[in-house]
Amino acid sequence: MKSSFRWYGAGDPVTLENIRQIPGMRSIVSAVYDVPPGEAWPEESIEAIAKACAAHGLVFDVVESIPVTEEIKLGRPERDRHIANYCESIRRCAKYGVKCVTYNFMPVFDWTRTQLDRLAPDGSTSLVMYWEQLKGLDPLTDDIHLPGWDASYTQDEVRELIRAYGELGEEGLWKNIEYFLKKVIPVAEACGVTMALHPDDPPYPIFGLPRVVTCEANLDRYLAIVDSPANSLCLCTGSLGCSTKNDIPAMVRKYSAKKRIGFMHLRNVKILEDGSFEESGHWSPAGSLDMNAIVKALVETGFEGWFRPDHGRMIWGETGKPGYGLYDRALGSAYLSGLIEANGGRVER
Ligand code: DNO
């Protein structure tokens, strides 16, 4: 399997010089950040990322993410133009060596947390979701500013979207997923790109918004819509793992054996008694997931795709993008490579 690291581009305090020194590191996971969602990515921007990576002995072959617009998710009239641009971005990325494109189908918000710098007893900080901090909040009447939410929406726009998704409901969302996949997957297939769907984080409805990429039955349904290896998963252990109903090692084993995992996000999470959760270090005893069982499942099923250490804590006084500092992710990467080697697997260079 291939070791990768997320990099937010030239403005990222974590540099390509830093990343290349992590043992076994091969691939960069990045995106074009200065184009509004729904527009096609300019070739020059894609080429610039590929060149910067190559200049540091790294390969830009995974995109995270090309955003799926609310118009596509809601099935609004502009969706055809957005999907056409989406397909064009995939073709252009493929031209510059991208082999895997990550995306999600979460309505309105990507991941949801209530605090991004929760202090742990050892002095590190991490992202958490405490139900206590959400209790009593109604997005249709209260002004809610959760950390990490897209600040470009006004509260009125958020309310309008939440109402629209309420009317759409889960089955409506499934219809729009099908419409999207049937147009996008053939294009990805034709240019040798694997589409890797990121699960909903956390994997249950929030504020009444429908969320469907949450559990094994729904992942099966999603993959069956277009039964092609180009329609695959970005299996994020920490996202699916926030629900005790998901048996992560078993899910990894199943989808990897079927060759339907393009990309693995490997991180641990500590589930608390009331269902709240804290992002912990990658080490198994730090959280609720058995990271060795997960890696073993990948090795034993011959997983050949990419993995990256997902969110790290902030340690050793580092500041920066929450979840995406250098130090703890680098520790995570080294730990994961160790588990791969100990299980008889190979980190491909
Ligand atoms: C969080 C990430 C997600 C992920 C998207 C994929 O840190 O794992 O934001 O990039 O959901 O589209």
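A pocket is an open set of grid points with protein on both sides within 12 Å along at least five of seven lines. With that in hand, welcome to this predicted model, where the second largest pocket has a volume of about 300 Å³ and the largest pocket has a volume of about 1,400 Å³. The structure also holds zero disulfides, and the notes below take up each topic in turn.

**The second largest pocket**

- The second largest pocket, with its volume of about 300 Å³, is lined by 17 residues, and those closest to its centre are Ala120, Pro121, Ser124, Glu278 and Glu279.
- Three elements, β5 (115–119), β6 (125–129) and β11 (277–279), each give two or more residues to this lining.
- The biggest contribution is from β6, which supplies three residues.
- Sorted by class, the lining of the second largest pocket has six nonpolar, five polar and six charged residues.

**The largest pocket**

- At about 1,400 Å³, this is the pocket with the largest volume in the model.
- Its lining is made up of 50 residues, and the closest to the centre are Pro37, Pro67, Asn104, Asp110 and Asp150.
- The elements giving two or more residues to the lining of the largest pocket are α3 (70–74), β4 (100–104) and α6 (155–190).
- By class, this lining holds 24 nonpolar residues, along with eleven polar and 15 charged ones.

- Cysteine 93 is buried, because its relative accessible area is 0%, and buried means under 20%.
- Cysteine 100 is in no disulfide either, and the nearest cysteine sulfur, in cysteine 234, is 7.4 Å away.
- Cysteine 100 is likewise buried, with a relative accessible area of 0%.

**Alanine 342**

- Where is alanine 342 found? This residue belongs to helix α11, which covers residues 327–342.
- Is alanine 342 buried or exposed? With a relative accessible area of 67%, alanine 342 is exposed, because exposed means over 50%.
- Alanine 342 and isoleucine 162 lie 180 residues apart in sequence, and their C-alpha atoms are 47 Å apart in space.

How values were computed:
Residues are numbered from 1 along each chain as its sequence is written. This is a predicted model: local features need pLDDT of at least 70, side-chain atom pairs count only at pLDDT 80 or more; totals for chains, interfaces and linings use all residues. Side-chain values use heavy atoms; hydrogens and water are left out. On a 1 Å grid over the protein atoms alone, a cavity is a set of points where a 1.4 Å probe fits but cannot get out, and a pocket is an open set with protein on both sides within 12 Å along at least five of seven lines; lining residues have an atom within 4 Å of a point. Grid points are joined across faces, edges and corners, and a volume is the space filled by probe spheres set on the points. Helices (H or I, at least four residues) and strands (E, at least two) are DSSP runs, numbered from the N terminus. Ala, Val, Leu, Ile, Met, Phe, Trp, Tyr, Cys and Pro count as nonpolar, Asp, Glu, Lys and Arg as charged, and the others, Gly among them, as polar. Buried means under 20% relative accessible area, exposed over 50%, partly exposed in between (1.4 Å probe, protein chains only). A disulfide is a pair of cysteine sulfur atoms within 2.5 Å.
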